[in-house]
Amino acid sequence: MADASQDTAQLTYDGKTYNLPVVEGSEGERAIDIRTLRAESGLITLDPGFGNSGSCRSAITYIDGEKGILRYRGYPIEELASHSTFLEVAWLLLYGELPSEAELATFTDEITRHTMLHEDYRRLFDFMPKNAHPMPVAAAAVAALSTFYREADNEDRIHRAVVRLLAKMPTIAAYAYKHSIGQPPTYPKNDLGYCSNFLHMMYATPCEPYAVDPVVAKALDLLLILHADHEQNCSTSTVRLVGSSLSSLFATIASGISALWGPLHGGANQKVIEMLERIADEEGSADVFLKKAKDKDDTTRLMGFGHRVYKSYDPRAAILKETCKGVIERVGGSSQLLEIAMRLEEIALSDSYFVERKLYPNVDFYSGVIYKAIGIPVNMFTVMFTMGRLPGWIAQWLEMRKDSDFRIGRPRQVYTGSAKRAYVPLGKR
Ligand code: CMC
């Protein structure tokens, strides 16, 4: 953990000066610690959307949005994407170091042995409408894990809960999909790797096995690595906030899934592909669409563009753009959506509206093109993001609980409603 610097910031208000400590992170990021401000001055800070507020110190993920840098535990995302696997990255995020061969083998074995769902629990899916979106189904299923498994209230049970979550999430995701298309679930197979097993559960039927293409499994593994953590984004902050009440781990993760579903967050990947398909089907022209996205009287946005933190190219989008071409070539899919996406990007990056606002492609801009190419149904895209983000959410939850600064999350507000007034009885209003 970084040391507090010796600096202080001074705030002068109403004739009094307050000295506020400045803390510094390990990459030189500085923050004014305002914890004592209200007690000393009566002032709080106001920052809608938390665009300028640090909620915690964290040693998990580092982002430099200006330079387009993303690192997990100090390792550049590009290196992890090239050399690592999702389970190795999950271990890194959870425990802080790359695993040894023995550690990874044990972790993989533990996860493989917890992929099955209890038969009673499995019936939960039968009660969901067939046309339900798989994201709320996944959120409900993950919350319901807390009805089957004991509270994670000591180190051993916490470890088992973490393993169960990572192991069962692909099964839950595949079962949600199978239910939506009216097929019986396919049980996991222990001789398959994490992503291959998921693809097997998605596509094998009692009538026909599914031969997993290793290239498809590898592309999926890469996508999961790229989504594995992204520091204090909306869903992770939700996980920390809900978890700060000491709610169960399963219920806490379910809240993160709900937050991720929104189209301004993880739900953007589904919206991007729908946007590209609409352009392909109806408008045919990227220029017409971009005009709408720039029009302040139109609610259309260029989905997959813009980011609260990145003010340059999202490094995950750069990796995915390159991956798209290889995957489409390998699986022999249509490149039409990729071509439309690249055309949109080209126009947007030379258009003053996007340039002035520093709007670049984010992770969701190209991920959907790959999901589509490898046969993932469009309404499952955000569920794929959930599978990827899971180790990050858990790592942040684990870190929060050990933090010496740990307190229940409870922001303040500036009240703008009526001042005190007398109640008026019914009939006299
Ligand atoms: N298309 C058109 N205009 C945009 C877009 C966009 N995609 N994104 C931002 N803007 C404009 C926005 O209208 C505003 O303009 P002005 O200053 O004239 O009012 C300016 O850029 C700043 O935008 P903002 O909404 O204040 O920025 P924010 O940091 O609050 O929002 C965002 C970030 C990601 C929600 C937003 O850029 C957006 O809605 N993008 C599209 C949805 C999307 O792709 N979401 C996925 C995010 S990455 C994956 C994840 O982590 O969830």
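Which side chain meets that of Arg-330 in a salt bridge? In this predicted model, the partner is Asp-213, with 3.5 Å between N and O. Side chains of opposite charge can pair when their charged atoms come close. The distance falls inside the cut-off of 4 Å used for a salt bridge. A search of the whole structure finds 21 salt bridges. The pair of Arg-330 and Asp-213 links distant parts of the chain, 117 residues apart. Arg-330 belongs to helix H14, residues 315–331, while Asp-213 sits in the loop between helix H8 (194–203) and H9.

Between domain 2 and domain 3 the count is one salt bridge. Four residue pairs are in polar contact across the interface of these two domains, with both residues at pLDDT 80 or more. On the side of domain 2 that touches domain 3, two elements give two or more residues each: helix H2 (77–83) and helix H9 (214–227). H9 provides the largest share, eight residues. Sorted by class, this side of domain 2 holds nine nonpolar, three polar and two charged residues.

Contacts join 14 residues of domain 2 to 16 residues of domain 3. The size of an interface is often given as the accessible area lost when the parts come together. For domain 2 and domain 3 the buried area is about 1300 Å², and carbon and sulfur atoms give 72% of it. Of the area that domain 2 buries against domain 3, 40% is supplied by Leu-223, Leu-226 and His-230, more than any other three residues.

The remaining topic is the ligand. The side chain of Arg-308 has an N or O atom 2.8 Å from an oxygen atom of the ligand. An oxygen atom of the ligand also lies 3.0 Å from a polar side-chain atom of Asn-362. With Leu-264 the backbone is involved: one of its N or O atoms is 3.0 Å from a nitrogen atom of the ligand.

Definitions and conventions: Residues are numbered from 1 along each chain as its sequence is written. This is a predicted model: local features need pLDDT of at least 70, side-chain atom pairs count only at pLDDT 80 or more; totals for chains, interfaces and linings use all residues. Side-chain values use heavy atoms; hydrogens and water are left out. Contact means heavy atoms within 4.5 Å. Buried area is the accessible area (1.4 Å probe) that two parts lose on being put together, summed over both. A polar contact is a pair of N or O atoms within 3.5 Å; within protein, one must be able to donate a hydrogen and the other to accept it, and residues adjacent in sequence count only if both atoms are side-chain atoms. Helices (H or I, at least four residues) and strands (E, at least two) are DSSP runs, numbered from the N terminus. Ala, Val, Leu, Ile, Met, Phe, Trp, Tyr, Cys and Pro count as nonpolar, Asp, Glu, Lys and Arg as charged, and the others, Gly among them, as polar.
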